[in-house]
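I opened my notebook to look up a few contacts in this structure. Here is what I checked, entry by entry.

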Amino acid sequence: MLTPLSDLPDLSPSYFVLPLPPLPGPLTAMDQGGGVALWPRMEPFLLGALQVAPPTKLSLHYLRKMAAYVRSREGCFPMLGWLMWRHIACGKLQLPEDLAWLYFETFDLLAGHPAEERLEWAENLSQCPSPRELDRQRSKLCVDTLQFLLFLYIQQLNRVSLRTSLIGEEWPSPRSRSPSSDREAKTSSQNKNWDDQAHLSFLQTHLCELLELLVEPGQLSGSGQAVKDSQVSLEALQGLSLLLEGSVSRGRTVHPIHKLLSRAPFQTQAGYSKFSRSFSLHPLLAWLRQALVPNPFGMSTCLRSGKKLAWAQQVEGAMKRAKIARNTHMAPPGSKMVLMSQVFRQTLAKDSDKLAGANVKIHRCSDAFIYLLSPLRSVSLDKCRNSTVVLGPIETSIHIQSCENVKVVCVAGRLAIGSSSYCTIHALTPTRPLLLPGNTALTLGPFHTHYPSLEDHMASVGLAVVPNAWDQPLLVGVEGTIPDPGSYRLLPPTEFCPLVVPFRMEGDTCEVPGGLPSLYQKAHEEREKSVQDWQKMVKDAHLNKEQRRQFQALVEQKFHEWLLESGHRQELDSLIPPCITSQDHSDSDSLEARTNDTRQEGTSIREVGQTRLPC
């Protein structure tokens, strides 16, 4: 990922030509903005804002000081390197170095580096034998200074006010309700990352402060606030393209904000001066506020008018029907999403181009087995219970929030877990797993499965088998508190058992990428040997025909008892081909179920045949 400064990727998107959906909100929002509609970009809030209250040293007061400092120091502007950021974060803001790197690395995850660069960066990191070499490699990484300042400021999205901490919700609110559990009360203020209405409200409330961070320090008062005649240069507005994009006259093309403001009609309306090549702050602020509308590709619009998908019931007695909506057919990259809710007592599987590059939210699913075997942009699991989720490679991050007794198997750029209990995560990740506040009895284990196209999918999103930091979690607590190190454990090798994906697919991957860690490989081999010893003992017993029949009946009886007690019977039954198919036949990409080796998890002793699982 070593990139010349001139070639560093711009986090703001280039323009996209799309079938833009009807923009929500009153028509006057666009009319007052002079024929332009602006909305918050989803990914900075979804993937960039950590779901934990930020340190007080990331408040506006300190970020104003940082904005002035970086503009006055050589090597800090317009690009900021890791060494200078570490100096500012640790020396000036008194942040721990691990936290400073976490913010820097998270911002870089948003940059959308080509897969080849990400693989090269991973290879370079894996060849660092010491902390000194690792620091030398990190020093090659640099980011856009102004965009990084705005990124640090939007960490306030999950700030918990004193009033919120007392009543569990922002006040006043017409939607106030009593949380259904103590955990929901604690986390109700932390579920804003997917909420496009919260993103819009945040920008409407804090737009002035965001613009002040883009103003030259000499145009600010002694307290760091903008004076009446403050100016914002067109170049500085490129920083704001991290957070804002839009379209003209309800057109089909989506532009970053600085591209829109390069057009003469909008420059005039927003207070642009050709003489100073900059915008007057207050006319610009008024123009931006008038043009702001909800994100037409956000979760609210997807739920209201996205493409709905119905999943067939597969288990007799299941009372709920899964609800799925997606906008992948019309949203730009970074805004594609698939929303899944209330999958109940079902096995659901999907490998499809329609999932590739999508941000996926799995919400309130219980007693379910979910396989999404495509390269994904990000995944969020929220309020799920008693379920197993197996995922294709996740380019950026997977966030597990308020879940209970959930098993997750994934390859991901980052893993974060908060307010969850009795969950087991088998991960392959180049970054340290984030354990946020509120976790209880988590288990971290090595990635332990494969499917035929897995390595191709990993290469497509730039994820390698090394480095792999699954067993080096970073505990991140609320400022002033020390996270409980007893909230997690590493999976004991004696409890380890590989997982088999029970579907036929095309591809060349036939083993766990990178292999298993030595201790777990040894435990697996010992388990295999015990099975072989058992088979040899049965063979050497020289049972007659009647004895073999009785013995087989006894083994099958005990096996079925174990299936019922362990819950695997439900998983196997749900692999039986359903007689109903999806309502959306264009989406009927399918996988085929196969009989699994009875020595592995999720196994069967009967033939399940080919199973079509529509999505």
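This is a predicted model: local features need pLDDT of at least 70, side-chain atom pairs count only at pLDDT 80 or more; totals for chains, interfaces and linings use all residues.

Entry: I found E561 partly exposed, because its relative accessible area is 32%, between the 20% and 50% cut-offs.

**Entry: salt bridges elsewhere.** I noted a count of 17 salt bridges. One of them joins E212 and R64, at 2.5 Å from N to O. E212 lies in helix α11 (residues 196–212) and R64 in helix α3 (residues 60–72), so this pair ties together parts 148 residues apart in sequence. Buried or exposed: which are E212 and R64? Both are buried.

Next I checked R86 and E97. They form a salt bridge with the closest N and O atoms 3.5 Å apart. R86 belongs to helix α4 (residues 82–92) and E97 to helix α5 (residues 97–109), so the pair ties together parts 11 residues apart in sequence. R86 counts as partly exposed at 23% relative accessibility. E97 is partly exposed too, at 38%.

**Entry: strand β18.** I turned to strand β18 (residues 394–401) and found 8 of its 8 residues buried. Strand β16 (residues 378–382) runs parallel to β18, joined by 4 bridges. Which residue of β18 is the bridge partner of S380? I found H399. On β19 (residues 404–418), A416 stands opposite H399. β18 and β19 run parallel, with 6 bridges between them.

Notes:
Residues are numbered from 1 along each chain as its sequence is written. Side-chain values use heavy atoms; hydrogens and water are left out. Buried means under 20% relative accessible area, exposed over 50%, partly exposed in between (1.4 Å probe, protein chains only). Helices (H or I, at least four residues) and strands (E, at least two) are DSSP runs, numbered from the N terminus. Two strands pair if DSSP finds at least two bridges between them. A salt bridge is a side-chain nitrogen of Lys or Arg within 4 Å of a carboxyl oxygen of Asp or Glu.
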